[in-house]
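Biologist: Could you take me through this structure, please? I will ask as we go along.

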Amino acid sequence: MKSKAMVLTEFDQPLTEKEIKIPKLQQEGEVLVRITASGVCGSDAYMWHGHDPRTPLPIILGHEGVGEVVEVKGAKKSIAGRELKSGDPILWHRGVSCGKCFACKIDKEPSLCSNRWVYGITRGCDEYPYLLGGYASHIILSPNTDIFHLPENVSPETLVSVSCSGSTTAHAFELAPVKFGDNVVIQGPGPLGIYAVVMAKYSGADEIIVIGGTEKRLEICREVGATRVINRHKTSEEERQEMILEYTRGRGAEAVFEMAGSPAAVAEGIHYVKKGGTYASAGFGEPRGTVELDCFQDIGNRNISYQGVWVSDVSHTFQALKIALKYQDLFREMVTHVFSLSEATQALEKMDKKEAVKAVIKPE
Ligand SMILES: [Zn+2]
Ligand SMILES: [Zn+2]
């Protein structure tokens, strides 16, 4: 049996369509999966351009996936302890941590595992098991992958973003908890920002203010619960500052979530944090430049916490999945473009140009 895959062989060039022989599963607990939907992440476009120093070539991109079990080598259980069988609809956590290092064992921070690797990001496709990315008809999940067994009849495209943007946003909310009545500012109305709106809403936030530059994305944020949206192309930084002070009764926000991955957003957003509040930065998946902050004015004398958010662990994917399943109608809004597998390069382009909020590839 063969898998069709769209392979990144050269940066900035169209992906190459290849047929890869599906190898015989070798290790106990490996799972061969037929992919039903694969999310295209903003960071995939970054990798495509060769801007992520981690990218090995050739590689099958795609770290957000939903699929159906084809074959299990020996036995493998879902995260809830159910033995997986052929035909089961599943979603898997994108990162695989070792469970043995200091971060995993002592700090209990699998996101910071020194041996963590990620489907579609860390490993190339020129050695066993070859199929480790989402832009393919099949993927082989390694034995220590965390797998969720999905309910029947959920549309897979609605759920792809759970394993990356949803999960990372849940991590941000764990590190910067929003309490009932808090005011929240979200910078960046992409998939992370949309999840942040929903999570802020269901945490009981009062004002949920989203700043972004794409009208379509801002509209979706409003539909899923933002109380105010600000288009940064139609306002100056001074105007935004005034608007946020007005919306937060002159105090600023208890939590500001940076979901934009732009140093300029950080320099601006830090000023929207209320004294004693938290600035949580979740938008940087790769190096994107530096920012100058005044250690006294911006941070020190305002008692502000600057909180980095690096990826997520399976507990966050669990939380994001719960939310996405509960509010499927809201998350369906996010999927603006669906492509066939052969059109994977177009899907990347759409995400790259921010024309899609979430592009999804559905292998035929
Ligand atoms: Zn991602
Ligand atoms: Zn580890």
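**Domains and their interface**

Modeller: Let me begin with the interface: 17 residues of domain 1 are in contact with 15 residues of domain 2. Please bear in mind that this is a predicted model.

Biologist: Which residues does the domain assignment give to each domain?

Modeller: Domain 1 comprises 2-163 together with 334-361, and domain 2 comprises 166-308, according to the domain assignment. Taken over C-alpha atoms, the centres of domain 1 and domain 2 are 29 Å apart.

Biologist: What area is buried between domain 1 and domain 2?

Modeller: About 1,300 Å² is buried there, and carbon and sulfur atoms give 56% of that area. On the side of domain 1, the residues that lose the most area to domain 2 are Tyr46, Met334 and Val357, which together account for 40% of what that side buries.

Biologist: Let us turn to the metal. Which residues coordinate the zinc ion (ligand 1)?

Modeller: Cys41 through SG, His63 through NE2 and Cys164 through SG coordinate the zinc ion (ligand 1), at 2.0 to 2.2 Å. The spacing of these donor residues in sequence is C-x21-H-x100-C. Cysteine 41 and cysteine 164 link distant parts of the chain, being 123 residues apart. Cysteine 41 is in the loop between β3 (31-40) and α1 (42-48), and cysteine 164 is in the loop between α3 (156-159) and α4 (165-175).

Biologist: Are cysteine 41 and cysteine 164 buried or exposed?

Modeller: Cysteine 41 has a relative accessibility of 12%, so this residue counts as buried. Cysteine 164 is likewise buried, because its relative accessible area is 11%, and the cut-off for buried is under 20%.

Biologist: You mentioned α4. Why is α4 described as largely enclosed?

Modeller: Nine of the eleven residues of α4 are buried, so the rest of the structure largely encloses this helix. The buried residues of α4 are Ser165, Gly166, Ser167, Thr168, Thr169, Ala170, His171, Ala172 and Phe173.

Biologist: What covers the buried residues of α4?

Modeller: The cover includes β4 (64-72), α5 (191-203), β13 (253-258) and α10 (314-326).

Biologist: What about lysine 358: where is its place, and is lysine 358 buried or exposed?

Modeller: Lysine 358 is in strand β17 (residues 358-361). With a relative accessible area of 1%, lysine 358 is buried. A polar atom of its side chain lies 3.0 Å from the backbone oxygen of valine 40.

Modeller: In one of them, the side chains of arginine 34 and glutamate 68 meet at 3.3 Å, N to O. Arginine 34 in strand β3 and glutamate 68 in strand β4 are 34 residues apart, and the pair links distant parts of the chain. Arginine 34 is partly exposed at 33% relative accessibility, and glutamate 68 is partly exposed with a relative accessible area of 28%.

Biologist: Which residue forms a salt bridge with arginine 82?

Modeller: Aspartate 88 does, and the closest N and O atoms are 3.0 Å apart. Aspartate 88 counts as buried at 6% relative accessibility, whereas arginine 82 counts as partly exposed at 33%.

Biologist: And where do arginine 228 and glutamate 207 lie?

Modeller: The side chains of arginine 228 and glutamate 207 meet in a salt bridge of 3.0 Å, N to O. Arginine 228 is in strand β12 (residues 228-231) and glutamate 207 is in the loop between α5 and β11 (208-212), so the pair ties together parts that are 21 residues apart in sequence. Glutamate 207 is buried, with a relative accessible area of 8%. Salt bridges that share partners join Asp206, Glu207, Arg228 and Arg249 into one network.

Biologist: Finally, which residues is glycine 276 in contact with, leaving aside its neighbours within four places in sequence?

Modeller: Glycine 276 is in contact with Arg302 and Asn303. Glycine 276 lies in strand β14 (residues 273-281) and is partly exposed, with a relative accessible area of 46%.

Methods: Residues numbered from 1 in each chain as written. Chains lettered and ligands numbered in written order. Predicted model: local features only at pLDDT ≥ 70, side-chain atom pairs only at ≥ 80, totals over all residues. Heavy atoms only, no water. Donors = N, O, S within 2.8 Å, 3.2 Å for Na, K, Ca; no water. Helix = DSSP H or I, 4+ residues; strand = E, 2+ residues; numbered from the N terminus. Buried < 20%, exposed > 50% of the residue type's maximum accessible area, 1.4 Å probe, protein only. Domains from an automatic or database assignment. Contact = heavy atoms within 4.5 Å. Buried area = accessible area lost by both parts, 1.4 Å probe. Polar contact = N/O pair within 3.5 Å; in protein donor to acceptor, adjacent residues only side chain to side chain. Salt bridge = Lys/Arg side-chain N within 4 Å of Asp/Glu carboxyl O.
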